[in-house]
Amino acid sequence: MNPKRHAVRTGLQRGWTEFMLSIKSPQDQGFYVFIALVTMLYLFVNRDSKVEGTDLFLPAVALPSILGAMVAFGLVIGPAYTLAMEREDGTLLRLRAAPHGLIGYVSGQVLNASLGLIPSFAVLLIPSAFLFGEVMHRGAAGWIRVVWLVVLGLLATMPIGIMIGSLVPGVQKVGTWGMLPVFVLLGISGIFYPIQDLWTWVQWVAQAFPMYWLGLGMRSAFLPDAAAAVELGGSWRTLETVLVLGAWATFGLLITPVVLRRMARRQSGSQVAAARDEAAQWVR
Amino acid sequence: MAETETVIRVEGLRMRYGSNDVLDDVGFTVRRGEVVTLLGPNGAGKSTTIEILEGFRMRSAGDVSVLGVDPIDAPEDWRARVGIVLQSWRDHARWSPRGMLTHLGRYYEPYSVPDRLRPYDVEQLLSLVGLEEQADQKIRTLSGGERRRLDAAVGIVGRPELLFLDEPTAGFDPEARRDFHGLVRRLVDLEDTTILLTTHDLDEAERLADRILILAGGRIVADGSVDELASSVSREAEVRWRRDGDSHAERTTDPTGFVRDLFTRFGDGVTDLDIRRTTLEDTYLAMVHRHESGAAGEGDETAFEEVDR
């Protein structure tokens with residue numbers, strides 16, 4: 001029995017358990033209902049507005065973009081919060097005390113965050129199909145494209161989330177170092193507002209991060225080719241999408257293990273105890 | 001004593017934060033099957049010492065060997081031989097005790113050997129710590145004492161050769177504490193587990209420990225069994241009795257002889273006899289006080305040196 005491979009398997013079981021516990025919890029169910037309601041409301045209010053330069057209505061274009069945003073948001077902020085929290089509450093330390101527990105912990109996190117995309121996508125796609133008719137304009141080929149884009153998106157964004165969660169000094173700081181930059185990047189990534197209307201340098205910043213390319217990729221998977229006319233360069237730029245997301249994935253896979261190990265090495269019981277005391281004061 | 005029988009060896013251990021020495025030349029050894037208690041006032045460096053031995057903290061200087069390995073760069077299979085009882089807070093809140101123990105136990109499966117089957121059977125473990133009834137409850141609904149018993153179960157799920165307990169019974173009610181002490185004793189007897197624990201509860205230390213280390217001001221100021229420590233502080237015991245309705249008290253270094261003499265002289269006239277030897281509390285307070293007032297004479301320390309070997 002190879003201990004490392006065994007730890008990965010054990011960690012995947014952990015991820016599955018965590019995912020099942022999550023979808024059974026009223027708190028997480030409430031979160032899914034909330035994002036579904038807000039998104040459907042936004043799309044429904046704008047159901048009759050035409051997207052300039054195409055013969056598509058706003059929901060058709062906005063929904064794929066929002067799915068792209070869900071990947072970026074869910075996989076950066078989700079793991080960042082979980083990791084920052086589980087550093088403080090002692091979960092990570094417990095796993096560290098077990099042989100190869102850190103490998104198990106990370107495997108579990110990766111599976112749990114990935115599986116979390118299934119309900120996120122479902123609560124957006126299913127009501128959309130009822131409200132706005134067919135959302136997929138490319139049939140089976142489009143769905144295949146969605147799958148590989150999501151996998152690539154996972155690899156590109158989750159390491160960022162894990163790094164934020166490892167580096168922030170505490171849970172409360174995930175807002176400043178995680179939420180804020182991610183919201184800004186999503187804001188300039190052409191998901192809620194056409195990127196062409198922004199200053200050129202802002203467009204360049206947006207194109208350096210995975211958020212823009214996830215939105216673009218999702219649109220390229222769902223929308224007909226004619227819709228590419230309104231994108232930057234008038235093309236879906238599939239090769240560039242793969243290259244940018246691939247570069248982020250490579251960067252993440254190389255750097256994240258180093259950051260994680262460094263962070264884990266500094267975990268100790270008294271640090272967890274200090275966090276507990278601080279939280280107790282914070283609540284009182 | 002054979003070299004392999006030494007489980008923990010610490011020499012010249014120093015821990016410095018800025019210009020402040022939290023640990024200053026700490027040295028001790030723990031042998032296989034021993035239960036050693038680390039006592040000391042808050043801030044004396046007990047938790048720091050334990051965390052260094054657990055491999056969770058870097059040290060400034062000194063040699064440390066735990067199960068033959070330096071914990072700071074110990075390989076993962078070393079983790080399989082060491083158990084740590086952490087104080088839980090709100091981790092795994094949605095999990096059940098059975099689910100959590102099963103999961104954490106699984107990491108130890110590759111390290112199972114014929115004379116130490118790993119992990120511990122979860123059902124057996126649940127009954128050992130008395131959590132059968134709560135086995136499928138959410139951990140967040142457990143009481144403080146139940147949670148600590150779960151912590152203990154997590155610490156031993158890998159059937160460790162060496163177990164670290166950092167203030168294991170803080171917040172226990174007396175019954176839970178007594179049960180926990182029984183559990184620790186059983187571990188030592190059944191599993192041949194070596195245990196290093198810290199506590200503020202002197203009664204607990206007296207009940208569990210084969211040997212006591214007192215850490216004060218970053219140094220080990222005493223090392224020996226309860227009796228050895230007591231007799232080094234004071235060899236006197238206090239004898240109290242009543243005779244003809246009057247209370248009497250006398251301090252003596254030879255209580256047995258004194259009482260024999262008492263009965264010879266007064267026979268049935270002696271009632272309510274009570275012999276109080278120096279308690280661990282008396283010893284501990286005397287030691288710490290002596291250290292704090294800076295009066296720790298050389299002679300006192302040599303008294304324990306024989307014990308150390």
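## A hairpin, a sheet and an interface

In chain B, β10(B) and β11(B) form a hairpin with 2 residues between them, and B:Asp244 in the turn has a positive phi of about 55 degrees. Strands here are DSSP runs of E with at least two residues, helices are DSSP runs of H or I with at least four residues, and both are numbered from the N terminus. The model is predicted, so that local features need pLDDT of at least 70 and side-chain atom pairs count only at pLDDT 80 or more, while totals for chains, interfaces and linings use all residues. Residues are numbered from 1 along each chain as its sequence is written, and chains are lettered from A and ligands numbered from 1 in the order in which they are written.

| Strands | Sense | Bridges |
|---|---|---|
| β10 (237–243) and β11 (246–252) of chain B | antiparallel | 7 bridges |
| β10(B) and β12 (270–276) of chain B | antiparallel | 5 bridges |
| β1 (6–17) of chain B and β2(B) | antiparallel | 8 bridges |

Within these pairings, B:Ala237 has B:Thr252 in β11(B) as its bridge partner, B:Arg240 stands opposite B:Asp274 in β12(B), and B:Arg16 has B:Asp21 in β2(B) as its bridge partner.

An open sheet of 3 strands in chain B has the order β2-β1-β4 with antiparallel pairing, and its edge strands, each of which pairs on one side only, are β2 (20–31) and β4 (61–66) of chain B. Neighbouring strands of this sheet are turned by 15 degrees against each other on average, direction ignored. Helix α1 (residues 46–54) of chain B packs on the sheet, touching β1, β2 and β4 of chain B, and its direction makes about 60 degrees with that of β2(B). For such angles, axes are lines fitted to C-alpha atoms, for helices over the stretch in contact, and the angles run from 0 to 180 degrees between N-to-C directions.

Chain B is divided into domain 1 (3–226) and domain 2 (237–277), with bounds that come from an automatic or database domain assignment. The centres of these two domains of chain B, taken over C-alpha atoms, are separated by 43 Å.

Between the chains, 29 residues of chain A are in contact with 28 residues of chain B, contact meaning that the C-beta atoms of two residues, placed from the backbone, lie within 7 Å. On the side of chain A that touches chain B, the elements that give two or more residues are α1 (3–24), α4 (91–96), α5 (101–115) and α12 (269–283) of chain A, and the largest share, 8 residues, comes from α1(A).

Terms used. Pairing = 2+ DSSP bridges.
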